[in-house]
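Thank you all for coming; I would like to take a few minutes to walk through one structure, starting with a definition and then going from a single residue to the cores and the contact between the chains. Please have the view open as I speak.

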Amino acid sequence: MTTMAISARDLSKKYESGFAVSHANFEVPLGTICGFVGPNGAGKTTTIRMLLGLISPTGGTAEVLGESITHPEKYLSQVGAMIEGPAFYPALTGEENLKVLATLGGFPVERVAGLIKTVGLEGRGDSKYKTYSLGMKQRLGIAAALLPQPKVLVLDEPTNGLDPEGIQEVRDLLKKLASKGTTVFVSSHLLSELELISEYIVMLRKGEVVFAGPIQDLFLMQQPFILVKTASQSDLQKIIEIAQADGHEATIRSEVAHIEGPADWAGTLNKKAFEAGILITQLSPQMPNLEETFFEMTGDKK
Amino acid sequence: MIRIVRAEWRKLRRPTLFLGTIGAALFFTALTSTFLYLMIDSSRGNSDRGRQVNRALLELSGGSVYAFASVGGLLGIIALCVFAAQTAQEYTYGTLRNLLVRQPGRVRLLFGKLIAMKIFALLMITISAVVSIGISYFLSDRAKVSTALWFTTVGFQEIGKTLLNVSISVIYFGIIGMVLGLLLRSPISAISIGVLWILIIENLLGAVKPVFLKWMPGNQLTTIAQGGSPEVSYIHALTLGTSYVLIGALIATVLFTRRDVSN
């Protein structure tokens, strides 16, 4: 039995204009929440569409729940998905829209009422979809993805249009699903959200996977840094000189010295600053967060 | 397959679509049937393209369904619009990706949708037939048309035959609508091109050179509903119409199964 929910090997999609996805290699273990990140046009949605059998790869292969994506009928009954935002029939009610999909997938329609409640749409299930706000549409999309009680849940930007409370609800829901063994493969541009819930990260840039693995490994690859503030602005340059003399890269950004170096060097720096008569008002060792790492790895400036 | 049919039926049975379509079908049925009898003595004709349908013709055993057969082409155009819209809207709403995630068998999905729409069309045809025969019977007295042969054994056979012909015609029109929907992926384009071709272009070509009508797809399907016409035989219309529909369906099915779903 496979231990991987998703695995891609040299997965590629080439159009006349070039590669949308180029030789992508990554694995997502069962039961984890995996964040799928990349700038717009990086190939995230193309990859998701290939995994769901909606478009054919031009090279490589991938497996979902141990089955090749060339036979999506073998695994899609265990996969829930919301791709590129919710899409439903405007003239049908939210509930009726879910019943169409439940009937089509062979799932009990009785499941619909519970899902409407789970995603916080109780009382609006019998309203026409065209009357829904963006947040409500998004919730309905998540409900549709949950219809099969999936082993693998693929969500493309599930928090688009949701208010902070809604975002928190989705985050809690995904955590709850993962705790019950559901693998969640979620793309989002809200990197701080992904950082809070993801155990794994797949990072794409211009169609290529630049990182795939546990999120901790990603952070370990990044340089820790120390932020330093001094009582006097003129002392910041002296701090930079001390850091550079010890072989650390250092710059001043927004009246704060930004020094690349491990947390344990902060003590040394503090001692040397004291000896030089510099009064440090803030000294904080930091690890880069997902957003900073993302910009670092994708080469995009914040 | 049954799951697909039932899922599609959930969409087709929504009141605005169902009642709107049946209402349109009944309107055209009532209009055609009423004109046929009320204008029986009009010098400007009482049937399509100003044709004169006289009492002798209406008093034959097939007289009860003459009006119904005449409205077959219009029912076909309604079916074309419904089939085209129901197919193409999956692309414009982006719902096709949801359907394919739940039912990845593309040919199966297509045939399931077709079966559901066929059931919808057959329901529309049956209701139209009942209304048309009812109006014809009701107005026959006023138009001084004898109905003595209408409900004999032969009369019922004629009713059955016409029902079959209209059903074939309407479903063929529907399949053409579905093909256009799949090819053009836009309800407005599919419906406007389909209706424009059948109602305007074919008639213009036919007016310029009547022999063209012998080869035009829309005219073949209308002729099937009427059980043949003075210009085109039933067998010719059925053979050519079936060929057009099969070729179109084959091309659309191959495209649908192979094309990436990227919207």
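A residue is called buried here if 20 or more other C-beta atoms lie within 10 Å of its own, exposed if 12 or fewer, and partly exposed in between, with the C-beta atoms placed from the backbone. What we have is a predicted model, in which local features need pLDDT of at least 70 and side-chain atom pairs count only at pLDDT 80 or more, while totals for chains, interfaces and linings use all residues. Residues are numbered from 1 along each chain as its sequence is written, and chains are lettered from A, with ligands numbered from 1, in the order in which they are written.

Let me begin with A:Leu162, which counts as buried because 21 other C-beta atoms lie within 10 Å. A:Leu162 sits in the loop between β7 (152–156) and α5 (164–179) of chain A, where helices (H or I, at least four residues) and strands (E, at least two) are DSSP runs numbered from the N terminus. If we set aside neighbours within four places in sequence, A:Leu162 is in contact with A:Gly135, A:Gln138, A:Ile167 and A:Val170, contact being defined as C-beta atoms, placed from the backbone, within 7 Å.

Turning to chain A as a whole, there are ten helices and 14 strands, and 43% of its 302 residues count as buried. Its C-alpha trace spans about 75 × 45 × 40 Å along the principal axes.

Now, which residues have the most contacts inside the largest nonpolar core? They are A:Ala143, A:Val154 and B:Leu75, in a core of 144 residues, a nonpolar core being a set of buried Ala, Val, Leu, Ile, Met, Phe, Trp, Tyr and Cys residues joined through C-beta atoms within 7 Å. Helix α4 (residues 66–92) of chain B gives the largest share of this core, 16 residues. Apart from it lies another core, of eleven residues, including A:Ile226 and A:Leu269.

Finally, the two chains meet through 23 residues of chain B and 25 residues of chain A. On the chain B side, α1 (2–12) and α5 (96–102) each supply at least two of the residues that touch chain A. The buried residues of α1(B) include B:Ile4, B:Val5 and B:Glu8, and their cover includes α2 (94–105) of chain A together with α6 (106–140) of chain B.
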